[in-house]
Amino acid sequence: MNLVHAKWSLYTPTVTSNSNAINWNLTDRLNGISKDIAFANPFIHIVINMEELGNDHPSYVPSELVNCSSNDCKVRYHCYLMELKQDFTYTVSVRDIVLAIRSELDSEIVDSLSGTSFNVQRGKLSLNLTHLEPIQLSPEEVQSCRRFQTTLFRILLNPDINKLTSVSDDFSLGDNPEIDYLLLPATVKEQRLTNSIIDWKTVYSVPFSSEGTCECKDHVCDVRIQNGSVCSSKLENCVVYTPHTGSIYIVTGIMELNGNSILNLGRKGTTTYKEYYKNNHGIQLCFEHQSLLHGRGVSKVGNYLLKARQKKEKGSSMNSVELPPELCSVIMSPISINTIYSFSFIPSIMHWLESLLVAFNLKKMLLDNFTPKDLPVIKVLQAITAKECLEAYDYDYLETLGDSFLKYAVGQQLFKTNQNDQEGALSKQREKIVSNDALYKNGCTRKLPGFIRKEAFDPKQWDIPGDKSKCLLLKQELVSNRIGVYVRRTREIDFKVIADVVEALIGAFISTEDEEGALSFMNWIGIKVDTNIIPYETHLSIAPEKLVDVKLLESRLNYYSFKDPSLLVEALTHSSCKRPEVQRCYERLEFLGDAVLDNVITMHFYKEYSKGKLSAEFFTNMRSISANNECYALSAIKAQLHEHILCDPVVANKIADTVKGVEKLSLESTFGWELETYFCEALADVIESIAGAIFVDSGYKKEVVFESIRPLLEPLVTPETARRHPINELQELCQKEGYKRKEYAPVRDKNETSVTIQVVANGITHKHTGKASNKDTARKVASKEVLKLIKICKAPG
């Protein structure tokens, strides 16, 4: 029997009861052993280090929301007034709510939460948070508060009487860590000067009791309900359960109707309420002279953090009903519909607060290990929020910034410290350092996965504070010397998401113009980079001016003056050049310049267009339009740099062929993907290598590179002139419209490759064969022509 030991940290196997049966979710090879061989040979056993292999990661709960207490003494809570304001007209208005929490919130959290808008079904709801004086509550008061909020949230989230009554009613403080904060109705503004800001009368609405004081002066209005007899005043604002329908309703008042009143059934005619219940439910009303109650259904609680307003779901409105009191069992009284409506937004608000606190704890962890400039907590939150959350903030934009800076920072570090390595070796080293695999491992080492938000908020899965019906075991974990969090559960996170978050955190620093903070973060996470300047060794045994026209070239580079012109010679020397006095080609500088150009162009678009107001997809598209080989090749020809490249006759002929092809295009701009024929890559390479030469010569100043190279790239793309790559545009169009796209295998004939693409759109077949010197260009040509054909057919007339 063969025994293969493998270490694989990126993929998760599902091991069945049969030790030989392993279902793999893989995209690579087991340290060189093909997974196909593993499947084919039942005698090969794979021994895996599951800790390294697994993608189960913790989900952190901020310590500010957790407490471990007993019932021995009064409990101190910090109070915050949550002022809700609706910008829409509705029959029900919102009320303020008091948040009582054990730990005082940092002012940055309060400021970040204040002014937040939530997309609710009818418009926008804004929140303002104000710090109040702390309060001391007895264990009995805490228990009443917990009972109130737990009962109300169960009604809102799971309006099922079985779920409402079948769970434990232990609302007391325990000795184990648990989510502990209170959400309480606030009194109206007019009462706050003389009374408590907490509406204790509503807090004590549960458990309901028919006894005690009531609002009636003479207390003669006894009404028969399922619970017995009750004063009518206790039915004017309450929550009831009707056994005959199994539904929960909010009672908003007493009607001037009774069981003998006429009920209009529309096309079915009219009847009385008494007859209706007898005929439709088999119920004989015994107290038909009692006034009916006006009830409204409990609306569904949604995720109000979504970036787009939710569509109104069927059955989500509070439909009005008329209820005979004798069929109602009171659950809570008194409680107004305004209070219940206001509490329906709380799960989303508290999830947002929890997310801010998670981000704030990550920020504190970063501050514990290095001292960046002030990094706003909202940026940290954005960096740890995946697109799948469907919220206004996600990490896509910051990931693009971070990816660009990471590539640049690692590239310049390798270039400085490995001066004898060629471009191929440098590229391999950089690829290894910035790979998703490496970033994943670095992120896990620093316990970043627990902070990540990776899925849309589901209110039904929200942990109601104080509700012990769920077995929620919280385990404390230290993420740094001073920062402690609690683990709620574990969840699967794809390794690429963790890698993306590492890049997004780098991007968060870059977005606040804190490159030093980004470098410190990279070093802390395990990517060793610095800003030290190491003298660059040049290898030229002849005066640069004897090889290239230095002054002329400097004039075309926005009159940048080289301190060491031998760098310019190196930047223009192709590897085919056999001149003995030139011993180094441009490939090392090309490696460096590629990363520098990508970074400065990325940052230009970020700063130019309102720092992130473009969508992440559009921003990435603009970058790719300007930072690509076609763009660079056209720029080199426009600046006539091709005339100065040192190369052998073979490469020179390829350059000449490219120039002839470009002259026929008469292009006004260089950005985009306009070339439909072969172009010599040396033309693109020299733009990058010259950028690298200027970067080194200027003392590693990126802004100097952009000032010198930008005139060659003008006019730069704008949001108005940006176009999608034809291949991507066609693929996205087919996916969006449901068109059937087929791409035939490339056909090579002598020096030409043909690629045929066919799209069936609305029953019409569009087909074109693109021909070019290579497969990628042929695909682009075919895609471009098919797009034209589809647009012609869609055009009116």
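Me: Is Cys286 buried or exposed?
Reply: Cys286 is exposed, with a relative accessible area of 56%. Exposed means over 50%, buried under 20%, and partly exposed in between, using a 1.4 Å probe and protein chains only. This is a predicted model: local features need pLDDT of at least 70, side-chain atom pairs count only at pLDDT 80 or more, and totals for chains, interfaces and linings use all residues. Residues are numbered from 1 along each chain as its sequence is written, and side-chain values use heavy atoms, leaving out hydrogens and water.

Me: And what about Cys734, buried or exposed?
Reply: Cys734 counts as buried, at 5% relative accessibility.

Me: How many disulfides are there in the whole structure?
Reply: The search finds 0. A disulfide here is a pair of cysteine sulfur atoms within 2.5 Å.

Me: New topic. Where is Ser348?
Reply: Ser348 sits in helix 9, residues 346–369. Helices are DSSP runs (H or I, at least four residues), strands likewise (E, at least two), numbered from the N terminus.

Me: Why does Ser348 count as buried?
Reply: Because its relative accessibility is 1%.

Me: What does Ser348 contact, leaving aside neighbours within four places in sequence?
Reply: Gly302, Asn303, Tyr304, Leu305 and Phe457. Contact means heavy atoms within 4.5 Å. The C-alpha atoms of Ser348 and Asn303 are separated by 6.0 Å, though the two residues are 45 apart along the chain. The side chain of Ser348 also reaches the backbone oxygen of Gly302 at 3.3 Å.

Me: Now Gln86. Which strand is Gln86 in?
Reply: Strand 7, residues 75–86. A polar atom of the Gln86 side chain lies 2.9 Å from the backbone nitrogen of Val94.

Notes
Polar contact = N/O pair within 3.5 Å; in protein donor to acceptor, adjacent residues only side chain to side chain.
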